[in-house]
Amino acid sequence: MKEKVVTGCTGLLGSEILSAIPAAIGINSNICDLTESNHAILTLEDGQVDAVIHCAARVGGVKSNIDHVADFFDDNVKMNMNVLDACRERNLKLVSVLSTCIYPDAPYVKYPLTEDQLHMGPPHPSNFGYAYAKRMLEVQSRAYRQQFGCNFISVIPNNLYGLNDNYDLNGGHVIPALIRKFHEAMLEGRHEVIVWGTGRPIREFTFARDAAKIILWLEENYDGDEPVNIGNPDWVSIEQLSLMIGEEIGFEGHVKFDTSKPDGQYEKPSSNNKLRSLGWNGEYTPLRVGLKETIKSFQERYPNIRGVRI
């Protein structure tokens with residue numbers, strides 16, 4: 001029985017996929033540098049491998065994307081090209097993970113976002129380096145399919161959260177950053193937590209374990225050339241999310257929104273109708289349920305958790 005390779009295996013999504021298929025070969029930056037082509041090729045020399053699930057990426061929140069826009073573009077383009085080349089040379093199926101944040105911003109699209117709108121306009125300027133690198137991953141996958149007959153597919157989750165996230169306040173995404181802010185406010189006896197932006201933007205969030213299950217289902221059941229949205233379409237405002245996390249942690253103080261800081265993209269609701277039409281009939285973990293488990297895991301491991309330096 002042939003095995004699967006999971007890149008980014010210690011990250012939020014990759015670790016959940018690896019948990020679901022423990023026999024898979026996990027790759028992270030400590031094992032090999034996917035920005036170096038020879039490393040990507042050497043890693044995939046095992047003849048027992050038949051598929052690669054490519055989760056590895058340089059990712060971060062709004063501040064990190066703005067401050068390091070060129071690094072986000074360069075590192076992701078290099079990783080993607082090397083992984084695709086290695087898979088092409090070995091005739092491996094490849095599942096590449098994109099993100100709804102790479103879709104065009106209004107007024108170029110109609111909501112909810114559907115897969116046919118991916119290239120209809122520029123992405124939001126707050127993350128254009130990352131977004132264009134990920135868009136080119138989808139383009140390169142289609143190009144390799146057309147010229148070389150590669151079985152490369154792309155999936156598009158929305159905002160992921162879960163048990164193995166990055167809690168760095170400068171480089172992390174919104175849910176882990178908020179969890180850490182409220183937790184440390186409680187520890188330090190502070191009665192105010194400051195959140196970037198107005199709180200008005202709306203976001204969809206998918207528990208990483210749910211995304212992992214869907215990706216594994218698509219790896220087995222989908223060979224099409226078009227990307228597939230896989231995220232939970234339920235949405236919540238950043239203000240509602242902040243209050244929900246504060247409540248789950250037990251914070252009874254005041255939440256202040258710093259309107260001098262950017263909001264990022266105002267909204268990006270997505271449609272999962274295509275996924276449903278392909279036959280996936282699973283259910284998503286409700287946000288509050290997923291947050292409870294995520295917060296419990298964070299509190300049990302704090303401060304010995306990724307992104308926290310005390």
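**Group meeting: a predicted 310-residue model**

Good morning. For a protein of 310 residues, a compact globule would have a radius of gyration near 19 Å, and the protein has 19 Å, which agrees. That radius is taken over C-alpha atoms, and the globule rule is 2.2 Å times the number of residues to the power 0.38.

This is a predicted model, in which local features need pLDDT of at least 70 and side-chain atom pairs count only at pLDDT 80 or more, while totals for chains, interfaces and linings use all residues. Residues are numbered from 1 along each chain as its sequence is written, and side-chain values use heavy atoms, with hydrogens and water left out.

I begin with the overall picture. The protein has 10 helices and 11 strands; helices (H or I, at least four residues) and strands (E, at least two) are DSSP runs, numbered from the N terminus. Along the principal axes, the C-alpha atoms fill a box of roughly 60 × 45 × 40 Å. Of the 310 residues, 54% are buried, where buried means under 20% relative accessible area, exposed over 50%, and partly exposed in between (1.4 Å probe, protein chains only). Among contacts (heavy atoms within 4.5 Å) between residues at least 6 apart in sequence, 78% join residues at least 24 apart.

I turn to helix α5, residues 128–148. At 1.5 Å a residue, its 21 residues should span 30 Å, and the end C-alpha atoms are 29 Å apart, which agrees; the expected span is 1.5 Å times one less than the number of residues. What do the buried residues of α5 pack against? Their partners are β3 (49–54), α3 (62–67), α4 (69–90), β4 (93–97) and β5 (152–156). Among these buried residues are Y130, L137 and Y144. Y132, also in α5, counts as partly exposed because its relative accessibility is 31%. The helix is followed by G149, whose phi is positive, near 75 degrees.

Next comes helix α6, residues 174–188. Its 15 residues should span 21 Å at 1.5 Å a residue, and the end C-alpha atoms are 21 Å apart, in agreement. The buried residues of α6, including I175, L178 and F182, pack against β6 (159–161), β7 (192–196), β8 (202–207), α8 (238–249), β11 (254–258) and α10 (287–301).

A salt bridge here is a side-chain nitrogen of Lys or Arg within 4 Å of a carboxyl oxygen of Asp or Glu. E184 is buried at 9% relative accessibility, and R180 is buried with a relative accessible area of 9%.

Just after α6, G189 takes a positive phi of about 70 degrees. R190 and E188 also join their side chains in a salt bridge (2.7 Å, N to O); R190 is partly exposed at 36%, whereas E188 is exposed at 53%. H191 sits in the loop between α6 and β7 and is exposed, with a relative accessible area of 64%. Leaving aside residues up to four places away in sequence, H191 touches F251, G253 and H254.

In total, the structure holds 18 salt bridges. One further example joins the side chains of E89 and R90 (3.3 Å, N to O). E89 is partly exposed at 45% relative accessibility, and R90 is partly exposed at 24%. Thank you.
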